[in-house]
Amino acid sequence: MTADQPSNKSATETLLRDGYCIIENALPLEIIQALNIDLEPAFAATPLCQGRFYGEKTRRFGGLLKRSRHAQALVLNPIIMDLVETVLKPACDRIQLNVMQAIEILPGEAQQLPHRDHDMWQGAKGAHEYLVNVIWPLDPFTRENGATQIYPGSHGAAGMAKAAQDDPAVAACPPGSAICFLGSTAHGAGANISSMARRGIVVGYCLGWLKPYENQWLAYPPDVAKSFSPELAALVGYAQHRPNLGNYEGQCPSILLRDKMPDKIGAIDALRPDQEAMLADYLEAVGDRR
């Protein structure tokens, strides 16, 4: 599947049908290469992970939006944003950035435990998706260097109910590709049996009313987020999710990005349309005494 072949609709249909899709040529190679160069110091300085799930011959670090200006191109990619919103918006008022993490898997790393990322949250699964993940290779992903292994058809209520999964598909693809999969899709990094490290970026989007994996407000405090576009700032938490979730002093936290903050502010309703209608019906019934 390539970006210039299927429409966004067909990519979304493939994602929902199979639990994953690979969109080739989703970004110019120059952007991926520039991002990799910007992240080189962090890759070199970051210690290896501890624990068999994260990988003991693996490096991981976040906060990428403040490490490279090229990171925004991955997060705000219009093809991806359209796909993610189509999948997630039926279950939320707005989406948010769940994680943006750089990962380097070194030679000798073992295969990762197959897992579903939506299991980071407690709660019933199967009625809707909790998140969509996108992996952007910085190096070519191959079977030998530990390309992500994805289990087709393992997603959703039917996929999770299977006693056993089919053999995994190896998400082998070049840089510039976007490997998209649902939060309910079983997957895991492959073993790196090559002589070279392989790098990638995972960008995850989740329902706006969930607690994100990466603490976005610590990663991007107001003095950092002030440089973001309104769309990007909203994705990292500077926006309310109706009704009134994630507010600051009863207002949208985007107020913290203003050049001048009032000393005192008052709370302002931020209700969903159904709640506004319920409130209007109530006031009509009892008589609006304002």
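This is a predicted model: local features need pLDDT of at least 70, side-chain atom pairs count only at pLDDT 80 or more; totals for chains, interfaces and linings use all residues.
Residues are numbered from 1 along each chain as its sequence is written, and side-chain values use heavy atoms, without hydrogens or water.

Select residues 8-18, helix α1, and residues 78-88, helix α4 (helices are DSSP runs of H or I, at least four residues, numbered from the N terminus). Their axes (lines fitted to C-alpha atoms over the stretch in contact) lie 10 Å apart, at an angle of about 50°.

Next, show the side chains at the contact (heavy atoms within 4.5 Å). From α1 come Asn8, Ala11, Thr12, Leu15 and Leu16; from α4 come Pro78, Ile79, Asp82, Leu83, Thr86 and Val87.

Now select Val75, which sits in helix α3, residues 71-75. Val75 counts as buried because its relative accessibility is 0% (buried means under 20% relative accessible area, with a 1.4 Å probe and protein chains only). Leaving out residues up to four places away in sequence, Val75 touches Leu65, Met81, Leu97, Met100, Val203, Tyr205, Leu232 and Leu235. For Leu97, 22 residues from Val75 along the chain, the C-alpha separation is 8.2 Å.

Terms used. Axes are lines fitted to C-alpha atoms, for helices over the stretch in contact, and angles run from 0 to 180 degrees between N-to-C directions. Helices (H or I, at least four residues) and strands (E, at least two) are DSSP runs, numbered from the N terminus. Buried means under 20% relative accessible area, exposed over 50%, partly exposed in between (1.4 Å probe, protein chains only).
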